[in-house]
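Hi,

Here is the structure I promised to pass on. Have a look at it, and then read on for what turned up.

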Amino acid sequence: MSKPQSPDPAEPGPGQRVRVTSSQATAPAHVRRTVGEEIDEATGVGEVYMRSLIRSQFRAAVSVTVTVLLTIASLPLVFAALPGLNDVRVGPIPLPWVVLGAGVYPAVIALGWLYIRYAERAERSFAALVEPRRSKRPRR
Amino acid sequence: MNPTWGIVAVAAVSITTLVIGAFGLRLSRTTSDFYVASRSVSPGLNGSAISGEYLSAASFLGVAGLILVGGADMLWYPIGWTVGYLLLLVFVAAPLRRSGAYTIPDFAQSRLQSLAARRVSMVVVVGIGWLYLMPQFQGAGLTLQTVLDAPRWVGTVLVAAIVTINISLGGMRSITFVQAFQYWLKLTALLVPLMFLLLAWSRDGEPHPVQSQAWLEPLGVATGEHLYSVYAVILATFLGTMGLPHVVVRFYTNPDGRAARRTTLIVLLLISAFYLLPTFYGVLGRIYASDLIAAGRADTVALELPGRLIAGTGGELLTAMITAGAFAAFLSTSSGVTMAISGVVGQAIAAQRPAKGRISSITALRLASVLCISVPLVLALNADSVPIANSVVFAFTLAASTFSPLLILGIWWRGLTAIGAIAGLIGGGIAAATAPFVTLVSDLDGWAGTLLSQPAIWSVPIGFSLMIFGSLLTRSTRPTNVGRTMVRLHTPERVNVDRRY
């Protein structure tokens with residue numbers, strides 16, 4: 001009796017190695033996933049998209065805050081450092097009263113408006129990235 | 001002074017408020033209607049409602065009183081209350097709406113996955129609400145005393161009663177209509193009398209206020225203590241607005257995050273328009289009513305001016321108009337705050353063991369509103385009166401030291417943990433809560449008094465740093481679903497991820 005060319009899979013000998021093969025000989029078809037799915041499944045790619053959105057929104061918020069700190073919130077120091085400003089008048093009213101009583105408000109509204117424009121643009125481009133086909137449709 | 005017109009004004013505002021409330025009742029059917037108007041309020045209506053709710057007794061009467069006494073430096077209060085909204089817009093508005101929770105404790109629980117964080121937030125919500133309600137009630141008493149010669153408790157009890165009835169009737173939906181109406185009422189009630197007052201002033205030869213340097217110039221006496229106080233007000237109001245429970249709960253009534261932002265911009269416009277007015281009352285008061293400072297009744301300056309400048313029925317009608325506006329301010333703010341805190345307490349009652357499953361959440365809300373209003377009512381009847389606007393800043397300081405770090409860190413930093421948040425809420429809360437006690441109980445002077453009665457400069461950093469370092473030390477307890485939460489908070493609704501209800 002000669003030894004078989006290949007071992008019979010039904011009865012492998014003790015301690016013998018077994019070759020395991022797949023019946024599928026071809027590579028799996030590439031699955032196309034949308035960015036939305038990447039985000040939903042919290043894959044590395046989805047994380048990158050999310051982090052970039054959050055970072056851009058946070059940067060906008062911080063820019064507004066820094067602008068407020070440098071302009072409005074620094075006014076007490078400016079008035080303390082330059083008492084001469086009290087002698088500057090707009091009509092009969094001292095300049096500090098004009099600035100604090102009225103001038104600050106348009107600036108705050110303008111900042112808010114600029115922020116909203118920026119934030120909505122960031123969201124639009126995020127939407128275009130995630131769902132290129134849907135966002136090409138005219139918006140409601 | 002003849003009180004007839006004053007009585008008519010107070011009665012008209014009270015009845016209108018109740019009628020609009022009852023009109024809302026027919027629309028409010030479900031629990032969601034009751035709590036957040038089913039999240040279907042348009043930015044225009046919602047913006048008016050938020051402004052109506054936000055402009056409290058402190059804005060309507062308090063700012064003019066402060067300017068009468070303190071002059072240019074007091075202009076920081078209304079500026080702070082406006083910039084507070086700007087910071088709310090950029091850090092909190094849209095993500096908070098997208099979080100899909102009803103209240104700050106809901107937000108804390110879903111973001112941090114912790115029941116303990118929810119409970120601590122509930123306590124803070126109630127604390128802020130009480131601090132905010134007390135001056136409103138006191139202001140109401142003061143107003144009726146000035147206009148009708150009624151004892152102080154009459155106005156206080158009247159406002160508390162109307163608010164309780166109104167909330168029991170319709171909840172948030174009716175409140176939305178009431179608040180929107182009351183913004184326009186308040187604006188008119190300051191604007192129209194001001195026209196007549198300025199006319200009378202120019203006929204009088206346009207006298208200038210009696211000038212003292214400390215009053216006229218910002219930081220006219222620029223001591224370190226003075227500068228500290230100004231910055232304490234700035235910090236408390238800039239950051240405190242986003243943490244006020246009645247402001248935050250309003251954002252859930254927007255249909256989506258984008259609408260939440262647009263609503264906030266409308267609010268900025270509306271409250272800015274309003275805040276141009278009290279300054280005039282303060283300055284005119286300096287000319288015609290400076291005796292009120294010594295009498296300790298500076299808060300009534302807006303109510304006193306028409307009678308002093310315009311004789312006869314004209315003056316009385318204008319006073320009645322301002323009274324109506326002031327009453328609208330007490331009612332709208334007290335309703336909003338009471339609604340917000342009793343929403344939180346109501347949820348807790350409905351979930352507790354003896355009541356669980358036995359009472360509906362709407363019954364629980366009604367029960368909670370009675371509970372929540374009685375404590376500040378008792379406080380208002382018994383405590384000494386502090387200038388309204390100062391006293392409101394206690395609530396802002398508490399909010400700035402607790403919920404402001406919770407919201408900013410919770411929304412923008414993945415690293416926040418439940419333990420860190422709780423440490424910050426407790427630490428910041430205790431630091432900020434020293435202020436009202438020190439002011440009401442002790443008579444500390446000098447730096448110690450200033451530091452303790454206006455703690456924002458140090459209590460806000462305590463809140464933030466406890467949350468940050470507490471979270472860094474307990475890094476391993478980070479909630480596992482924080483990534484998911486971030487997706488929900490920051491993606492626009494129209495993008496098809498994280499599909500929710």
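This is a predicted model: local features need pLDDT of at least 70, side-chain atom pairs count only at pLDDT 80 or more; totals for chains, interfaces and linings use all residues.

Helix α2 (residues 44-70) and helix α4 (residues 95-130) of chain A have axes that come within 11 Å and cross at roughly 170°. Since angles over 145 degrees count as roughly antiparallel, that crossing makes α2(A) roughly antiparallel to α4(A). On the α2(A) side, the contact is made by A:Tyr49, A:Leu53, A:Ser56, A:Gln57, A:Ala60, A:Val64 and A:Thr67. On the α4(A) side, you'll find A:Leu111, A:Tyr115, A:Tyr118, A:Ala119, A:Ala122, A:Phe126 and A:Leu129. Sorted by class, this contact has 11 nonpolar, three polar and no charged residues.

Stepping back to chain A as a whole, there are five helices and two strands. If you trace the chain along its sequence, the pattern reads α-α-α-β-β-α-α. Chain A has 140 residues, and 22% of them count as buried. Take the contacts in chain A with a separation of 6 or more: 49% of them come from residues 24 or more positions apart.

Chain B has 23 helices and zero strands. Of its 501 residues, 62% count as buried. For chain B, residues 24 or more positions apart make up 83% of the contacts with a separation of 6 or more.

Now for how the two chains meet. The contact involves 42 residues of chain A and 40 residues of chain B. On the chain A side, the elements that give two or more residues are α1 (35-40), α2, α3 (75-81) and α4. Which of them gives the largest share? That is α4(A), with 20 residues. By class, the chain A side that touches chain B divides into 32 nonpolar, six polar and four charged residues.

Next, follow chain B through α7 (115-148) and the loops on either side of it. The helix α7(B) has 34 residues and reaches 49 Å from its first C-alpha to its last, close to the 50 Å expected at 1.5 Å a residue. Is α7(B) largely enclosed or largely open? Of its 34 residues, 28 are buried, so α7(B) is largely enclosed by the rest of the structure.

In the loop between α6 (104-112) and α7 of chain B sits B:Gln113, which has a positive phi of about 55° although it is not a glycine. B:Gln113 has 18 other C-beta atoms within 10 Å, so it counts as partly exposed. Just after α7(B) comes B:Asp149, with a positive phi of about 60°. B:Asp149 lies in the loop between α7 and α8 (152-203) of chain B. With 10 other C-beta atoms within 10 Å, B:Asp149 is exposed.

- B:Trp184 lies in helix α8 of chain B and counts as partly exposed, with 14 C-beta neighbours inside 10 Å. B:Trp184 and B:Gly52 are 132 residues apart in sequence, while their C-alpha atoms are 7.6 Å apart in space.
- B:Ile430 lies in helix α20 (residues 418-441) of chain B and counts as partly exposed, with 13 C-beta neighbours inside 10 Å. B:Ile430 and B:Gly463 are 33 residues apart in sequence, with 9.6 Å from C-alpha to C-alpha.

Cheers

Note on methods. Residues are numbered from 1 along each chain as its sequence is written. Chains are lettered from A and ligands numbered from 1 in the order in which they are written. Axes are lines fitted to C-alpha atoms, for helices over the stretch in contact, and angles run from 0 to 180 degrees between N-to-C directions. Helices (H or I, at least four residues) and strands (E, at least two) are DSSP runs, numbered from the N terminus. Angles under 35 degrees count as roughly parallel, over 145 as roughly antiparallel, 65 to 115 as roughly perpendicular and the rest as oblique. Two residues are in contact if their C-beta atoms, placed from the backbone, lie within 7 Å. Ala, Val, Leu, Ile, Met, Phe, Trp, Tyr, Cys and Pro count as nonpolar, Asp, Glu, Lys and Arg as charged, and the others, Gly among them, as polar. A residue is buried if 20 or more other C-beta atoms lie within 10 Å of its own, exposed if 12 or fewer, and partly exposed in between; C-beta atoms are placed from the backbone. The expected span of a helix is 1.5 Å times one less than its number of residues.
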